[in-house]
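Here is a friendly briefing to read with the model open beside you.

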Amino acid sequence: MSYNVDKPGIFSFALETGISADRESSKRYLSNLRKIVANESALDEMLKKEDTLVYEFYEMGVPEHPGDIAFGTSICYPGKVGDEYFMTKGHFHTILDTAEVYLCIKGRGLMLMENPEGDVAYELLTPGNVVYVPKRYAHRSVNIGTEPFVQFFTFRADAGHDYGTIETSGFRKLVVERDGDFAIVDNPKWANKAR
């Protein structure tokens, strides 16, 4: 469905699931996380059984013009690779001075954030919480719960996505399970690349 941003319009998605009847989702599987996860041997063992769907997102197709607003939903499914929780790949925006807002609709998760200067932050999200991701911060959604972690997001439509920086250097921190709860730990792959 194409959308004329010069006219008012409406889109729909299910509040319980984040799924849109108006759009097809973009899907990311375990195999898409090869450069992202810390424990690649655990990933290889999982892939021998199934290339599991880790997350999907619905972008509503607004043109990438200055002054327009992009929006959609993100659904990260529960699971772990080794002890590392399922997460989105994460990204900076191509226009680095772009902020983004996420509203948690369902589930329990974290927004992991870091800027190029090394500041790392995270926020716990449960239904009804909104996180503001400041400009210059890469961000990654992490599902630390037992049900889908569903969020609504919005940002300037011309901002673009820079996934390559994260694929090359990774995030400084990982979110792992420790004694039945989440813990934020150093990413050993990031440290190796920093040398």
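A pocket here is an open set of grid points where a 1.4 Å probe fits, with protein on both sides within 12 Å along at least five of seven lines. In this predicted model, the largest pocket has a volume of about 180 Å³.

**The largest pocket**

- Its lining is made up of E59, M60, G61, V62, E64, A70, F71, F155, A157, G160 and H161.
- By residue class, the lining of the largest pocket has 6 nonpolar, 3 polar and 2 charged members.

**Aromatic pairs**

- Across the whole structure, a search turns up 6 aromatic pairs.
- One of them is the stacked pair of F13 and F152, at 5.7 Å centre to centre with 20° between the planes.
- This pair links distant parts of the chain, 139 residues apart: F13 sits in the segment before β1 (26-29), while F152 belongs to strand β11 (residues 149-156).
- F71 and F152 make a tilted pair, because their ring centres are 6.2 Å apart and their planes lie at 35°.
- Since F71 is in strand β3 (residues 69-76) and F152 in strand β11, the pair ties together parts 81 residues apart in sequence.

- F13, F71 and F152 come together as one aromatic cluster.
- F71 is worth a look in both views: it is among the residues lining the largest pocket, and it belongs to the aromatic cluster.

Conventions
Residues numbered from 1 in each chain as written. Predicted model: local features only at pLDDT ≥ 70, side-chain atom pairs only at ≥ 80, totals over all residues. Heavy atoms only, no water. 1 Å grid on protein atoms, 1.4 Å probe; cavity = no way out; pocket = protein on both sides within 12 Å on 5 of 7 lines; lining within 4 Å. Points joined across faces, edges and corners; volume = space filled by probe spheres on them. Nonpolar A, V, L, I, M, F, W, Y, C, P; charged D, E, K, R; others polar. Phe/Tyr/Trp six-rings, centres within 6.5 Å; stacked < 30°, edge-to-face > 60°. Helix = DSSP H or I, 4+ residues; strand = E, 2+ residues; numbered from the N terminus.
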